[in-house]
Amino acid sequence: MNASNDRQRRLVWDLPVRLFHGLIVVCFAGAWLTSESERHALLHETLGYTLAGLIVWRLVWGLVGTRHARFGDFVTGPGAVLRYLKNVARRTPEHHVGHNPASALAIVVLLMMGLVLGASGWALQQDVGGEWVEELHELAANVFLLTAIGHVVGVLLASRMTGENLPRSMVDGLKIAPPEQAIRSSWRSVAALLLAAVLGFWVLQWRDVGAADADAAVASAGHHGPARQGGAPDGDDD
């Protein structure tokens with residue numbers, strides 16, 4: 001294989017993985033920004049449950065998805081992570097078609113913390129567990145945030161050292177790869193189903209709120225009775 005072929009960009013990331021990546025960013029950022037707002041409690045809850053659901057989907061896709069989406073392709077032991085970080089320190093990072101070992105470690109931590117966030121958030125909503133659950137929820141959120149920041153910094157650093165635009169690859173799915181490492185399909189149908197499931201959940205969440213508000217308005221109107229013309233006081237005529 002010649003050098004020109006080695007530098008050719010080919011499809012590596014399927015569309016469901018790229019969609020998952022974008023939705024996770026939106027959900028966590030939105031949930032973080034609304035975490036202290038009682039007014040936006042439902043939005044916080046909706047985004048938190050969406051994040052947890054997405055992670056459950058990603059665990060399944062990590063077993064049955066395309067080549068570089070599978071955990072077996074990128075999850076490694078601590079030795080590989082240390083070796084990769086040593087090479088980064090020497091400014092000679094290894095090139096990986098899929099996730100590099102450091103990114104793989106960050107992804108595992110993010111997935112774990114996302115599940116903890118979802119479970120502890122549900123427990124808080126159900127008033128189960130007490131104060132320690134709230135502290136666990138906050139700890140998981142902080143670890144998730146710090147890991148995400150470290151992941152972004154690592155991606156930007158690797159992009160600078162290798163000359164490959166890694167953030168762009170998570171948008172268009174293309175990376176420098178030999179032909180045998182490319183995937184054949186972007187799996188648009190799975191991405192469409194994933195997006196439909198997320199949007200459907202959001203619609204159900206907010207439709208239930210609209211129905212509850214309407215019921216409350218009807219109940220309030222019935223309690224106070226019909227308005228009287230001219231604001232005349234209630235009572236017997238003289």
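The conversation below goes through the terms used for this structure and the values behind them.

Colleague: What kind of model is this, and how are its residues numbered?

Modeller: This is a predicted model, in which local features need pLDDT of at least 70 and side-chain atom pairs count only at pLDDT 80 or more, while totals for chains, interfaces and linings use all residues. Residues are numbered from 1 along each chain as its sequence is written, and side-chain values use heavy atoms, with hydrogens and water left out.

Colleague: How many helices and strands does the protein chain have, and what counts as one?

Modeller: The protein chain comes to 9 helices and 2 strands, and along the sequence they follow the pattern α-β-α-α-α-α-α-α-α-β-α. Both kinds of element are DSSP runs numbered from the N terminus, a helix being H or I over at least four residues and a strand being E over at least two.

Colleague: Why is helix 2 called roughly antiparallel to helix 3?

Modeller: The axes of helix 2 (residues 15–33) and helix 3 (residues 41–64) come within 9 Å and cross at roughly 150°. Axes are lines fitted to C-alpha atoms, for helices over the stretch in contact, and the angles run from 0 to 180 degrees between N-to-C directions. Angles under 35 degrees count as roughly parallel, over 145 as roughly antiparallel, 65 to 115 as roughly perpendicular, and the rest as oblique. The crossing angle therefore makes helix 2 roughly antiparallel to helix 3.

Colleague: Which residues make the contact of helix 2 with helix 3, and what is its make-up by class?

Modeller: With contact meaning heavy atoms within 4.5 Å, the residues of helix 2 include Phe20, Ile24, Phe28 and Gly30, and those of helix 3 include His44, Leu47, Trp57 and Trp61. By class, this contact has 14 nonpolar, 3 polar and 1 charged residues, where Ala, Val, Leu, Ile, Met, Phe, Trp, Tyr, Cys and Pro count as nonpolar, Asp, Glu, Lys and Arg as charged, and the others, Gly among them, as polar.

Colleague: What makes Gly30 count as buried?

Modeller: Buried means under 20% relative accessible area, exposed means over 50%, and partly exposed lies in between, with a 1.4 Å probe and protein chains only. Gly30, which lies in helix 2, has 17% relative accessibility and therefore counts as buried. The C-alpha atoms of Gly30 and His44 are 7.0 Å apart, although these residues stand 14 positions from each other in sequence. Over the whole protein chain of 238 residues, buried residues make up 35%.

Colleague: Why is the pair of helix 3 and helix 6 given the word oblique?

Modeller: Helix 3 and helix 6 pack at an angle of about 135°, with their axes 9 Å apart, and they are therefore oblique to each other. Helix 3 passes helix 6 in a left-handed crossing, that is, one in which the near helix is turned anticlockwise from the far one by less than a right angle, clockwise being right-handed. Their contact has 10 nonpolar, 4 polar and 2 charged residues.

Colleague: How do helix 6 and helix 7 run to each other, and why?

Modeller: The axes of helix 6 (residues 101–125) and helix 7 (residues 131–162) come within 8 Å and cross at roughly 155°, and these two helices are therefore roughly antiparallel. Their crossing is left-handed, and by class their contact has 16 nonpolar, 7 polar and 1 charged residues.

Colleague: Why is Val116 called partly exposed?

Modeller: Val116, found in helix 6, has a relative accessible area of 26%, which is why Val116 is called partly exposed. Leaving aside neighbours within four places in sequence, Val116 is in contact with Leu136 and Ala140.

Colleague: What span is expected for helix 7, and what does the model give?

Modeller: The expected span of a helix is 1.5 Å times one less than its number of residues. Helix 7 has 32 residues and reaches 46 Å from its first C-alpha to its last, close to the expected 46 Å. Helix 3, with 24 residues, reaches 35 Å, close to the 34 Å expected.

Colleague: Which helices do the buried residues of helix 7 pack against?

Modeller: The buried residues of helix 7, among them His137, Phe144 and His151, pack against helix 2, helix 3, helix 5 (78–89), helix 6 and helix 8 (166–172). Helix 7 is followed by Gly163, whose phi is positive, near 75°.
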